[in-house]
Amino acid sequence: MDVNPGHLDDPESPDAAPVGDAAAPTLDVTPATGRHTVHRSGGGRRKLWVGALGLGLVVVALAAVLFNGLSDASTFFYNVDEAVAKRSDLQGDRFRMQGNVVPGSVTRTADGVDFTITYKGVEVPVQHAGDPPELFGPEIPVVLEGTFEGGAFRSDQILIRHDNTYDEENPERIKDAEKDAQQAGAAG
Amino acid sequence: MTVDNPPGTARPAAGRPPGAGPVPAHTGSRATRLLGIASLVGMVALVVFGLWLSPPDTQLGETIRILYMHVPTVSAAYLAFVITAVASVAYLWKRTEFWDLLAASSAEIGVLFFGLTIFNGMLWGKITWGVFWRWEPRLTTTAVLLLTYLGYLAVRQIPSDRRTRGTVSAVIGIMAVVNIPITHKAVDWWRGLHQEKTIFGTVDPDMRGLQLFSAYLGLVVFLLLFAWLLIHRFRVAWLAERVGDADLDVAIAERRAEGAQVGGGTPS
């Protein structure tokens, strides 16, 4: 829709509106409406392909950046064995460590819990400040946030790493779970 | 002002005399009524199965019930964003209003479902992991995905002609979909807190009996709800375009009348 005021229109220009009354009725400014309205183009097919190519490059670049940025596997946590291997580098740094709680190692302390976590046979004693989450327990995979202090790991946040296993609860299992809980309590 | 009914909706009643005033525009049809009833009934069934009939989980207890909504809402959101991408490609090819509005409507419903997914996922996270949020791979890519589609919807609000709006948003709609497989596979590719895929891609989803049934029931119900919302949203968008057309007609008629008054002749 291009309705120029007359004083801006250059009559010399090749695309100037024809002067005179006869031109007016041929100027169709009715908007095309309806379900099959086509949004008309000024560009050609070639422009579309160039655009598509550029778009493809941007998409590939984006994917590469995202993949490289995230593919450093240790960004979120170290497993216990990796953390122990890098202990001298990590000394004093705050990082996350993943492992399984060793059954029977959990003891309550004045300000939290002490326990041992293990991964691939490597064990590290943990001193945790704060209440452990509800799902915390023996053999549960956890991610701890904290620092190495001497031989132990001081954590202030326990994240439960739930895997995608689900089981319908049944009385037998509840009994088993309660027995486990009692054992853990007796140990502490 | 009379407005045509959106595609797919019933024509005005046959008994209606011509010239009986403007036809009330609406977005309902037999298909949407059936879909609406089906999703409503399904939702009741999901509540019954999800909250009462299915047993709690050995480890997670009652928390597992969040999954019967979490997985379906994210699946519907992914589907919505894929529809947006496909419709965007079709728009760049065919240049018809239909594809542009379908892409936009689907993105909007997708953002709704995706926001819901993040919300119920955060509740799950607080109970299961112990925290609402951590910048781990799945959650990070999820946040990026939501922001991208919010950007898509924001760009559509920038005043411009329909072709420019359609082209720009179609380009974003195609680019944004790349993040879906990345988000979906994030749990396999990188270490994180989020558990692995629950339904799709797992050969043996370790869910059984009524738990598995509730999960799939949730999926079906939320997909029905999605279809119902999408059709209505598309028709509303279509009606909004018709109102825009009518406003344009009025504006043009006014300018022409002004031109005739001021210039005493035809507009140039």
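Trainee: What share of the contacts in chain A with a separation of 6 or more comes from residues 24 or more positions apart?

Mentor: In this predicted model, residues 24 or more positions apart account for 49% of those contacts in chain A, a contact being a pair of heavy atoms within 4.5 Å. For chain B, the corresponding share is 75%.

Trainee: How many helices and strands does chain A have, and in what pattern do they follow each other along the sequence?

Mentor: Chain A comes to 4 helices and 7 strands, which are arranged as α-β-α-α-β-β-β-β-β-β-α when read along the sequence. Chain B, by contrast, has 7 helices and 0 strands, and its pattern reads α-α-α-α-α-α-α.

Trainee: What makes β4(A) and β5(A) a pair of strands, and which way do they run?

Mentor: Pairing requires at least two bridges, and 8 bridges join β4 (residues 112-119) of chain A to β5 (residues 122-129) of chain A, with the two strands running antiparallel. Within that pair A:Ile117 stands opposite A:Val124 of β5(A), and the two strands form a hairpin with 2 residues between them, where A:Lys120 in the turn has a positive phi of about 50°.

Trainee: Turning to chain B, why is B:Arg165 called buried?

Mentor: Its relative accessible area is 14%, and the term applies under 20%, so B:Arg165 counts as buried. This residue lies in helix α5 (residues 162-176) of chain B, and, leaving aside residues up to four places away in sequence, B:Arg165 touches B:Asp100, B:Leu101, B:Arg156, B:Ser160 and B:Glu241.

Trainee: What makes the meeting of B:Arg165 and B:Glu241 a salt bridge?

Mentor: The rule asks for a side-chain nitrogen of Lys or Arg within 4 Å of a carboxyl oxygen of Asp or Glu; the N to O distance for B:Arg165 and B:Glu241 is 3.3 Å, so the pair qualifies. The pair links distant parts of the chain, with B:Arg165 in helix α5 and B:Glu241 in helix α7 of chain B, 76 residues apart. B:Glu241 has a relative accessible area of 8% and is therefore buried.

Trainee: What ties B:Glu108 to B:Arg233, and why is B:Glu108 called partly exposed?

Mentor: Their side chains meet in a salt bridge at 2.5 Å, N to O. B:Glu108 lies in helix α3 and B:Arg233 in helix α7 of chain B, so the pair ties together parts that are 125 residues apart in sequence. The relative accessible area of B:Glu108 is 33%, which falls between the limits of 20% and 50%, and therefore B:Glu108 is partly exposed. B:Arg233, at 25% relative accessibility, counts as partly exposed as well.

Trainee: Which residues make the nonpolar surface patch of about 750 Å², and what lets B:Leu53 belong to it?

Mentor: The patch is made by B:Val44, B:Val47, B:Val48, B:Leu51, B:Trp52, B:Leu53, B:Leu210 and B:Phe213. Patch residues need over 30% relative accessible area, and B:Leu53, at 46%, passes that limit and counts as partly exposed. B:Leu53 is placed in helix α1 of chain B, the helix that gives the most to the patch, with 6 residues.

Trainee: Is B:Arg65 buried or exposed?

Mentor: B:Arg65 has a relative accessible area of 14%, under the 20% limit, so the conclusion is buried. B:Arg65 is found in the loop between α1 and α2 (67-94) of chain B, and its C-alpha lies 8.6 Å from that of B:Ser54, 11 residues away in sequence.

How values were computed
Residues numbered from 1 in each chain as written. Chains lettered and ligands numbered in written order. Predicted model: local features only at pLDDT ≥ 70, side-chain atom pairs only at ≥ 80, totals over all residues. Heavy atoms only, no water. Patch = residues over 30% accessible without salt bridge, like charges linked within 9 Å, V, L, I, M, F, W, Y side chains within 5 Å. Areas by Shrake-Rupley, 256 points an atom, 1.4 Å probe, with all protein chains shown as cover. Buried < 20%, exposed > 50% of the residue type's maximum accessible area, 1.4 Å probe, protein only.
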